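Have the structure open while you read.

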Amino acid sequence: SKKNPATDILQEHPTSLATPQASIPGFNIKKTLALIEKAYLEGEISKGRRHILRVKSVKHPQMLPARYIPGFSWIHRNLNDYDSTLSDSMPVTTETCQTPVMVDAYQALSGLKGAEQAKLKRLLLPPDDFEYYIQVDHPFPFRLSYAEPEDETLAQVTAEAIQVAYDVQVTEWGFWEPIIETDAEYYRFFLADLPGGLGGYCAPYAENHETPHRDAFSYIVLNKRVGYSGMLSLIAHEFNHACQISMDASEPAAFMENTSSFLETRIDPMSWVMKMYMIHIFQRNSHRPLDYMDYNRSDGYEYGGALWTYFLTNMYGDGEPQWLRMVWEGCVQEGMINEPDYFDVIDEMLTETGGFREMVKEFARYRFFLGRDDDGQHFEGGYRFWDGEVSRIDKLTTEDLPVYDATPLEELLPMPNGCNYLTLDVDDTFNLPVRFHFSGEKDVDWYVTVMKIAEGEDTTYHDMELDEDSSGSILMEGRVFDRMVGVICHLAPNDYDPDSRDWYTKTYTYSIDRIYPPPHIERVDPIYVVRGEQGQQINLFGDGFINSLHTAVSFSGEHVVGEFAQFVSNRNITISVTASKTAEKGNRDLIITSPGGESTTLTNAIKVVDADEVPEDNGSGLEEGSKAGGCNCSYVKNSFSSKSSQSKGVPALFMLFLAAFLVSKKMHRRYRDRENATKST
């Protein structure tokens, strides 16, 4: 019979709920969580079973069924179909926090019943202490236990880091200290050998009924393999989670990670190194909501959200982390419903500056100026955020124009409070105005702005005013900027709730075109258009015509339509005209609109007639007295034809001179022939 891989694992690592278990060689918690989620989405396991397996993967991977343990070839038969980028989306390091798994399970307890609820409660309980421990009584009573005597030095370093985290976060910043059960006497830390890809976690396990608000008791488990160099940042991160849980255990885990990821950098600046990678992920996915987090198989986006809390602290809190503590204090609530949530609190705290929505707009502008895009006017030292440039849906130069009715890929469309960015780099010789046009889904609160960047000048913003159809345009002079940045944000509606995780997308189109001067029309040929005939070709002569299918052709009145047909030169184009059988006979004005919207009108340009009314020469030319709006043209009768025509003074004089020369030459030849004949006689 086949050997059961799970049996071998269980024999090597006996299961127990008493203490955190040693890691399984080669165990990858990220892939395990992906396998569990795959089973849940395919209906193989219930919601409660999903949380039970997820908590086991963090605390007791030896208790997992073998199908959820990576490392066996038969397990991965469909994993790549589930997420082909699983191994590339986020590096597996020992610095990954799995607090969201534990918080998500704790918050789900109230919705479960029976055996699943009881089992999950049991799994969340703190383990028994290890054999060895360090105990501190003041100012914050805690016990740090560890399993191996050779870990004593690391345990001492860890205990010192815990005291630093307490002094800074509680004493200096004012966060509420982690609560301790009455009969426990000490807050519990565990230094253990954790599964691969796991740095540590803070786990809430029971509600504190001695207070009216939604706080919870918790404990912290730390991976000893993080070592001396990474322990301070790990402690700072997880300790802040414990403080958060002592204030409000109901807030979304995404904001917990946004907060802890930034605050750990204030205690251990070296942790910025890892955060830079996470900020890269955050910036690469700017279309996502600020409250986004993949609770199933995190790619690090919520850790990169440290950029957002960094912005909040520096923009509105004078750089002091106490501002974030005030947000968490405002979130403290009674009852099962998480109201107010952190969106509500931030909105109230920013009332004088326009509230949450204005903050989203400001952050949307600021986050562009990182890394190589730093302009020295936004984030201080923004150039230090290597690889922190925000993603673009398009990178254009003036040679790429025009762009009409473009839209992002479906997977990049903005979710609530998510934004898209596009850039246009302007050539030094480019001097035409540029128009940026936007048209989005109706009944959506869009925010569209254009930022103009010029060397040696302050960056300027130009917010677009949208009409009731969610459309609008902005016109920019070409010579006064080096780069245009378009920012398109889908602002969340006023009733948006971050607890709902309702991350839908909205679509839009954008166009960018050059604004050309209006063309000059000198004459049309022929002028007669027959009713009932389609696609009649007419030549337009003049100057300033553009080789573009977006050149628009229209006529006054009804039932006569035209379209651009062919570009011959900037002095000659061909249009196609169709007059319906019901078109009224008579003269019509011609309107030519170049790409960008500038137009010229030629009055009485054509004449609608029946077929039997067209003269033999097809009426080439213009009626005397016709005028073309937008050009300084004169019209004269052609002296060499019964047709009316339009010509400029200089060509007309030249033709008169040529005719006189030919007549003179002919008369001279006749005089010479006559004189020769006389001499012969």
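Two strands count as paired if DSSP finds at least two bridges between them. Helices (H or I, at least four residues) and strands (E, at least two) are DSSP runs, numbered from the N terminus.

Before the details, a word on the source. This is a predicted model, where local features need pLDDT of at least 70, side-chain atom pairs count only at pLDDT 80 or more, and totals for chains, interfaces and linings use all residues. Residues are numbered from 1 along each chain as its sequence is written, and side-chain values use heavy atoms, with hydrogens and water left out.

Take the five-stranded one to begin with: it is an open sheet with the order 1-2-3-5-4 and mixed pairing. Strand 1 (132–136) and strand 4 (200–207) sit at its edges with a single partner strand each, so one side of each has no neighbour in the sheet. From one strand to the next, the twist averages 20°. For angles, axes are lines fitted to C-alpha atoms (for helices over the stretch in contact), and values run from 0 to 180 degrees between N-to-C directions.

Inside this sheet, strand 3 (residues 187–192) and strand 5 (residues 216–223) run parallel and are joined by four bridges. Leu191 stands opposite Leu222 of strand 5. Helix 8 (residues 227–247) packs on the sheet and touches strand 3, strand 4 and strand 5, with its direction at about 170° to that of strand 5. A contact here means heavy atoms within 4.5 Å. Helix 5 lies across strand 4 and strand 5, at about 15° to strand 4.

Strand 16 and strand 22 (residues 599–609) run parallel, with three bridges between them, and Val529 has Val608 in strand 22 as its bridge partner.

Most residues other than glycine have a negative phi, and most peptide bonds are trans. These spots go the other way:

| Site | Backbone value | Loop |
|---|---|---|
| His138–Pro139 | cis, omega about 0° | Pro139: between strand 1 and strand 2 (142–146) |
| Asp525–Pro526 | cis, omega about 0° | Pro526: between strand 15 (520–525) and strand 16 |
| Arg501 | positive phi, about 55° | between strand 13 (483–491) and strand 14 (508–514) |

**The largest pocket**

Helix 2 (29–41), helix 3 (47–59) and helix 5 (99–108) each give at least two residues to the lining. By class, the lining has seven nonpolar, six polar and nine charged residues. Ala, Val, Leu, Ile, Met, Phe, Trp, Tyr, Cys and Pro count as nonpolar, Asp, Glu, Lys and Arg as charged, and the others, Gly among them, as polar.

Mean pLDDT (the predictor's confidence in each residue, from 0 to 100) is 85, and 83% of the residues reach 70 or more. Residues 1–18 fall below 50, and residues 621–650 stay under 50. Where pLDDT is low, the predicted coordinates should not be read in detail.
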